[in-house]
Amino acid sequence: MARSGRCVVAVDGPSGSGKSTVSRRLAAELGAGYLDTGAMYRAITWAVLRSGVELTDADAVAKVAADVDLRIGTDPQGYHVIADGVTVDAEIRGPEVTGAVSAVSAVPTVRTMLVEHQRAIIDQLGRIVVEGRDIAGVVAPDADLKVFLTASAAARAARRSAEIAADVAATAEDLARRDRLDSTRKASPLQKAADAVELDTTELGIDEVVARLREMLNSKGVA
């Protein structure tokens, strides 16, 4: 039986490394909440695109972000994302949002705003698996377990193209573009936290990855 005490797991890594599937599965096994921080940035990006402001206008993007009524579910077996009363689960995974999310995520004011929101959710639930790109280093530096998932470029492209039914080569090119933008932005760039455990998932199945994370938590006495 899952424990009821506080347990915060931070899962970072690039797209296609298995973050979402692993995090949802782990949260369900732990009887914990689940927070997809990337979905929050995608929802803000959806609102920015809907507003018609230029992505290069940081002040305008920040204003849209500040005005959005953003609500995100934390049930690992059925979470949802709502922006201004609209359920945008499907829309935020489309090519338009995917192509713009790195630019919106790079706006410092947007990141500050969403980090505060994310921390509030973590504090409220106490027992939660949080996934994203800056969780261990910025959002939850005091997490009980910090993991940085990686995988080969080929494996990541194959996984993501299968998820969205897209061409593998085109997907690989898009992932490389996003990696470059996310790792070079000034505000909370994608990088492994100094005290995070790096786990290469290239040759590992989901069950194997989750089992390893459970072992890590058990060794810390917080699972």
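Mentor: Keep in mind that this is a predicted model. Start with strand S4 (residues 81-83), which runs antiparallel to S3 and is joined to S3 by 3 bridges.

Trainee: What makes S3 and S4 a pair?

Mentor: Pairing requires at least two bridges between the strands. S3 and S4 have 3 bridges, so the two strands count as paired. In one of these positions, Arg-71 has Ile-82 in S4 as its bridge partner.

Trainee: Why are S3 and S5 called edge strands?

Mentor: The open sheet has 3 strands in the order S3-S4-S5, with antiparallel pairing. Strand S3 (70-72) and strand S5 (86-87) each pair on one side only. Helix H2 (residues 37-51) packs on the sheet and touches S3, S4 and S5. The direction of H2 makes about 145 degrees with that of S3.

Trainee: Why is Ser-17 called buried?

Mentor: Buried means under 20% relative accessible area. Ser-17 has 1% relative accessibility, so Ser-17 counts as buried. Ser-17 lies in the loop between strand S1 (7-12) and helix H1 (19-30). Leaving aside neighbours within four places in sequence, the contacts of Ser-17 include Leu-149, Arg-156 and Thr-201.

Trainee: How do you know that Ser-17 makes a polar contact with Pro-14?

Mentor: The cut-off is 3.5 Å between N or O atoms. A polar atom of the Ser-17 side chain lies 2.7 Å from the backbone oxygen of Pro-14, so the pair is within the cut-off.

Technical notes. Residues numbered from 1 in each chain as written. Predicted model: local features only at pLDDT ≥ 70, side-chain atom pairs only at ≥ 80, totals over all residues. Heavy atoms only, no water. Helix = DSSP H or I, 4+ residues; strand = E, 2+ residues; numbered from the N terminus. Contact = heavy atoms within 4.5 Å. Axes fitted to C-alpha atoms, helices over the stretch in contact; angles between N-to-C directions. Buried < 20%, exposed > 50% of the residue type's maximum accessible area, 1.4 Å probe, protein only. Polar contact = N/O pair within 3.5 Å; in protein donor to acceptor, adjacent residues only side chain to side chain.
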